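I opened the model today and kept notes as I went. The entries follow the order in which I looked things up.

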Amino acid sequence: MSLKDIIPNSSPISFPGLFGDWQFTLGPTLGDLFEGLPAFLGRIHWYGVLIALGLLLGLGLCMRLSKRFGLTEDNVMDTVLWGVPLGVLGARLYYVIFYLDLYKNADGSLNFSQMLRIQDGGLAIYGGIIVGFLTAYILSRVKKFSYLAMMDDIVMGVLIGQAIGRWGNFMNREAFGAVTEAPWRMRLWARDGQLYDVHPTFFYESLWNLIGLLLIRFVVTPRRRFDGENLLCYFLWYGLGRLWIEGLREDSLYLFNATLFGEPVRVSQALSAVLVVVSAALLVWKLRKAPNKAEEAKTESK
């Protein structure tokens, strides 16, 4: 049994190395903060609220930058309206596939009603990214806009959503790491009252995504030399971060019974490694082939 199985989602949270005995006790739903809310509102999870906030902020940025990428605001809106709900389904499907035993009845048959209960938790970001990006590709063929240009714009919104959405994991007391004595350790209370100091991996990934957003927005985008450059930089940056952070987590999805050097293979680490290698290789190849706009300007001025 892992730590995630014994930590309740109402556990107090503290950071003893940073804030002493102070505890965060707010529960995972709106009703834990706002008394007197109608029952259906009180049951709304902060996780959903934070994801919605990240989506709105990401959409606003992508629409504001759309002209820079030769797109229209309608192109961006259509992509988001189709990509987000289908991406959520993809994230759920990805999770269910690798945790299939959790969705089986006693006789071994699949419990489809339980599979659909997204409100009970169980989303995997890579599944959402894969399905969301595939949806955008299909839409680009139908609507006749540049898929790679759209992805260069959209990945910045994705990073905003990921950076904010990870705080939903904090509210749910999930996606934390292994036991540590680091000064920034996060303390959780198990159901039996025992204390565990763990890596706040939700924060690591949130901060990593925020830094990635700033780099792509203010360093890569102004110097972008080909469509798809932001996308490759996103895969490279996110893959590197997830490769490291996933190794610290306690709730990883594993590649069935596959092992490497005697250790079970974490799905997200394996996929991250592939993304890093492929995106780095493509980035180097494309940058060598792409024209240098600064050099072109010098040549034309002569």
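In which helix is V274 found? I looked it up: V274 sits in helix α10, residues 267–289. I note that this is a predicted model.

**V274**

I checked the accessibility of V274 next. V274 counts as partly exposed, because its relative accessibility is 49%. I then took its distance to L123. The two C-alpha atoms are 21 Å apart in space, and the residues are 151 apart in sequence.

**The whole chain**

I stepped back to the overall fold. The protein chain has eleven helices and six strands. Its C-alpha trace spans about 75 × 45 × 40 Å along the principal axes. I compared the radius of gyration with the globule rule. For 302 residues a compact globule would have a value near 19 Å, and the chain has 21 Å, which agrees.

Of the 302 residues, 45% are buried. Among contacts with a separation of 6 or more, 68% join residues 24 or more positions apart. The chain exposes about 16,500 Å², and carbon and sulfur atoms supply 64% of that area.

I also looked at charge. There are 29 positive and 26 negative charges. Their mean positions are 8 Å apart.

**Salt bridges**

How many salt bridges does the structure hold? I found nine. I went through three of them one by one.

I started with E205 and R166. Their closest N and O atoms are 3.2 Å apart, and the two form a salt bridge.

I moved to R187 and D197. Their side chains meet in a salt bridge at 2.7 Å, N to O. R187 lies in strand β3 and D197 in strand β4 (residues 195–198), so the pair ties together parts ten residues apart in sequence. R187 counts as partly exposed, with a relative accessibility of 22%. The cut-off for buried is under 20%. D197 is buried, because its relative accessible area is 14%.

E246 is buried, with a relative accessible area of 2%. R242 is buried as well, at 6%.

Which residues are linked in a network of salt bridges? I listed R166, E205, R242, E246 and R249.

**D153**

D153 lies in helix α7 (residues 147–172). It is buried yet has no salt bridge. Which side chain of opposite charge is nearest to D153? It is R68, 8.0 Å away.

I then listed what D153 touches. Leaving out residues up to four places away in sequence, I have C62, L65, S66, F69, L71 and V76.

**Positive phi**

Last, I looked at backbone angles. Most residues other than glycine have a negative phi. I noted two residues with a positive value.

The phi of K144 is near 65 degrees. K144 is in the loop between α6 (125–143) and α7. The phi of A175 is near 55 degrees. A175 is in the loop between α7 and β3 (186–189).

Is each of them buried or exposed? K144 counts as exposed, because its relative accessibility is 71%. A175 counts as buried, because its relative accessibility is 4%.

Conventions:
Residues numbered from 1 in each chain as written. Predicted model: local features only at pLDDT ≥ 70, side-chain atom pairs only at ≥ 80, totals over all residues. Heavy atoms only, no water. Helix = DSSP H or I, 4+ residues; strand = E, 2+ residues; numbered from the N terminus. Rg over C-alpha atoms; globule rule 2.2 N^0.38 Å. Buried < 20%, exposed > 50% of the residue type's maximum accessible area, 1.4 Å probe, protein only. Contact = heavy atoms within 4.5 Å. Areas by Shrake-Rupley, 256 points an atom, 1.4 Å probe, with all protein chains shown as cover. Lys, Arg positive; Asp, Glu negative; His and termini not counted. Charge placed at Lys NZ, Arg CZ, Asp CG, Glu CD. Salt bridge = Lys/Arg side-chain N within 4 Å of Asp/Glu carboxyl O.
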